[in-house]
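This report describes the fold and packing of a single structure, shown below.

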Amino acid sequence: MAGHSPPRQLAFALPHAESLTRDNFLEGPANAAGLALIDAWPEWSNKAMFLVGPDGSGKSHLAAIWAEQAGARSVAAHALCAINVPAELATGALVLEDLKAGEIDERALFHLLNMAREDAAYILITAREAPASLPIALNDLRSRLRAIPVVELLPPDDQLFRALIVKLCADRQLAIDEAVVSYVANRIERSYAAARHAVALLDGESLRLGRPVTRALAAELLRQV
């Protein structure tokens with residue numbers, strides 16, 4: 001009918017593969033300490049180590065690299081329960097992912113740390129905050145966590161930030177040129193989370209419009225962010 005706009009094309013958010021191999025890890029000064037930790041295993045200063053950093057900083061990627069090397073199991077911290085602790089430590093190495101206060105069974109975690117010490121098992125704990133910042137109710141657990149050495153991942157420098165945008169696009173099979181990378185990098189907050197958000201927006205809009213990602217498309221989108 002006259003006067004009616006054509007219907008908007010829907011874009012479906014399909015799952016995309018993110019490579020977590022060593023070859024696909026983006027190295028830079030911001031994550032050099034984390035990579036050094038993984039490379040130093042099994043000669044760690046402590047059998048349990050904390051890997052701390054902001055959202056999207058590569059904690060899970062480094063943990064996956066280490067898990068492959070160490071034959072480690074992996075469990076989300078919020079899913080840890082006491083009855084499963086022996087099974088989680090069965091291979092002698094464990095990744096405990098995304099530790100957050102208020103989302104963990106504190107007694108189960110204390111049991112895990114005790115059993116790991118008895119069995120001389122390795123544990124790599126990832127978290128957004130250092131253990132000293134976590135409001136842990138159980139006194140013994142709080143002191144045990146604060147005794148674990150911390151390796152920190154820092155916010156990205158300019159070179160790493162640009163490389164991250166390229167990698168996130170490649171993971172989504174999204175073709176972009178240097179002009180788009182420069183435009184995006186200069187107009188969003190320099191953080192891992194902001195890069196992921198911007199690339200997801202570009203991908204979704206490109207699919208919806210059936211257009212390639214150009215500087216003009218990026219300009220249209222980022223003006224709205």
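Does N31 count as buried or exposed? The model is a predicted one, and in it N31 has a relative accessibility of 3%, under the 20% limit, so N31 counts as buried. This residue sits in the segment that precedes helix 1 (32-40). A polar atom of the N31 side chain lies 2.7 Å from the backbone oxygen of L26. Apart from neighbours within four places in sequence, the contacts of N31 are F25, L26, L153 and L160.

Five strands form an open sheet in the order 2-3-4-1-5, and their pairing is parallel. Strand 2 (73-76) and strand 5 (150-152) are at the edges; each has a single partner strand, so one side of each is left without a neighbour in the sheet. From one strand to the next, the twist averages 20°. Strand 1 pairs with strand 4 in the parallel sense over 5 bridges. A48 is found opposite I123 of strand 4. Across strand 1, strand 3 and strand 4 lies helix 2 (residues 59-70), which runs at about 170° to strand 3.

A127 is a residue of strand 4. Its relative accessibility is 0%, and A127 therefore counts as buried. Not counting residues up to four places away in sequence, A127 touches F50, L51, V52, G53, K59 and L99. The C-alpha atom of A127 is separated by 18 Å from that of E88, and these two residues are 39 residues apart along the chain.

**The nonpolar cores**

The largest nonpolar core holds 29 residues, of which L89, L99, L109, L112 and L145 touch the most other members. Two or more residues of this core come from each of strand 1 (48-52), strand 3 (93-99), helix 4 (106-119), strand 4 (122-127) and helix 5 (139-146). Helix 4 gives the largest share, with 7 residues. With residues up to four places away in sequence left out, L89 touches L94, L112, M115, A116, A121 and I123. There is also a second, separate core of 25 residues, and among its members are F161, A194, L217 and A219.

**Helix packing**

Two packed helices are described by the angle between their axes and the distance between the axes. Helix 6 (residues 158-171) packs with helix 8 (residues 192-209) at an angle of about 35°, and their axes are 10 Å apart. This crossing of helix 6 and helix 8 is right-handed. On the side of helix 6 the contact is made by L160, F161, L164, I165, L168 and C169, and on the side of helix 8 by Y192, A195, R196 and V199.

Helix 7 (residues 178-187) contains the buried residues V180, V181, S182, Y183, V184 and A185. The buried residues of helix 7 pack against helix 6, helix 8 and helix 9 (215-222).

| Side-chain atom | Backbone atom | Distance |
|---|---|---|
| Polar atom of N31 | Oxygen of L26 | 2.7 Å |

How values were computed: Residues numbered from 1 in each chain as written. Predicted model: local features only at pLDDT ≥ 70, side-chain atom pairs only at ≥ 80, totals over all residues. Heavy atoms only, no water. Helix = DSSP H or I, 4+ residues; strand = E, 2+ residues; numbered from the N terminus. Buried < 20%, exposed > 50% of the residue type's maximum accessible area, 1.4 Å probe, protein only. Polar contact = N/O pair within 3.5 Å; in protein donor to acceptor, adjacent residues only side chain to side chain. Contact = heavy atoms within 4.5 Å. Core = buried A, V, L, I, M, F, W, Y, C linked by side-chain atoms within 4.5 Å. Pairing = 2+ DSSP bridges. Axes fitted to C-alpha atoms, helices over the stretch in contact; angles between N-to-C directions. Left-handed = near helix turned anticlockwise from the far one by under 90°.
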